[in-house]
Structure formats: C-alpha cells, structure tokens
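Colleague: Could you take a close look at the salt bridges in this model and walk me through the partners, where they sit and how accessible they are?

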Amino acid sequence: MALIKTARGKQPRWGERCYLAENATLAGDVTLGDDCSVWFGAVLRADVDRITIGDRCNIQDLACIHQSDGSPAILGNDVSMGHGAVVHGATVCDGALIGMNAVVLDKAVVGPGAIIAAGAVVLEGTQVPANEIWGGIPAKRIKTCPPGTAEEYAKHYLMAKQWYE
C-alpha cells in the first residue's frame, strides 16, 4: 500500500478499485474517484489546498501533483498523467493527457481531450482549448486532434492496473 499521510488534519480518500503503488505518496486533502491508478514514485501532496481527481485517471511513475493557496489541482475523469509529469495548481479536464515530463502551472486549464506533449511547459493561467495538441516551452498550439484520442491512454491503464492488484 502507498504511503498515506495526514496533513493539516486532512487525510487522502479514494474510491473503489483504485491501485496505489507501494511507493506512491498521497498526503493531505487528496480525493480520487473510482478505478484510478497512482504508479511507482508518484506524489500527490495537498497540504495547502486540495487535489481532486475524477474516475479512471492514471498518475504514472514519478509524476507529481501539488497545489497553491487558492489554486487547487483538479483532474477530471479519464485523465492520463505521463511519467514524470507535474500538475501544479491547475485544472485538467475530462479525457486529457499530460505527456511525459510535461509541466502544467497554476491556474492553467487543459481542455477536454487536449494533449500536452512530452516535455512541454504550460505557463500559469494558460487556457488550452478542447481537442488540441500543445507542445514546447512555453507550450503553444500544434494542431487539433480527433475527440477521444487522449482518452485511449486512460483505457489502457484501466487494464494495466489489474496486472498488479
């Protein structure tokens, strides 16, 4: 079981059929929905504001979710967060994908079905529209993608988490 820590009197909570890797860390006001997976070395630390994660999300190896005062970190349903990615005080809408080692900063909003390319940096307050691929430093629009493209990754992790339960 993952390292579960109370911070400022708040304790992490999760729904049914979640997989939490043994060396993942959940601390403070963290809420996960059903069928989520938090992989090896991932850290979800909600000691200043909250982290809210919907259903069927995957937080892959070494990813980090944190927040700032007044800027909770919110992930919708069917979100994939790639290896080493960081979401800090931002909102990631349903069916979006945050690529490996990408960073999404405070008050940014990644729209439904959007894809943030590996290594991209989405600056504070940036609004990424639905079904667009953004990449680079700072992240800029690359092109549109068909609806549901990013959601396919979330479906894969629903299967992969079963290999470890």
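Modeller: Arg-17 counts as partly exposed, its relative accessibility being 47% in this predicted model, whereas Asp-35, at 16% relative accessibility, counts as buried, because the cut-off for buried is under 20% relative accessible area. These two residues form a salt bridge in which the closest N and O atoms are 2.9 Å apart. Since Arg-17 belongs to the loop between S2 and strand S3 (19–20) and Asp-35 to the loop between S4 and strand S5 (37–38), the pair ties together parts that are 18 residues apart in sequence.

A second bridge joins the side chains of Asp-29 and Arg-13, with 3.8 Å from N to O. Here Asp-29 is in strand S4 (residues 25–32) and Arg-13 in strand S2 (residues 13–14), so this contact links parts that are 16 residues apart in sequence. Of the two partners, Asp-29 counts as buried at 15% relative accessibility, while Arg-13, at 43%, counts as partly exposed.

The side chains of Arg-50 and Asp-49 also meet in a salt bridge, at 4.0 Å from N to O; Arg-50 is partly exposed, with a relative accessible area of 34%, and Asp-49 is buried, with a relative accessible area of 18%.

Methods
Residues numbered from 1 in each chain as written. Predicted model: local features only at pLDDT ≥ 70, side-chain atom pairs only at ≥ 80, totals over all residues. Heavy atoms only, no water. Helix = DSSP H or I, 4+ residues; strand = E, 2+ residues; numbered from the N terminus. Buried < 20%, exposed > 50% of the residue type's maximum accessible area, 1.4 Å probe, protein only.
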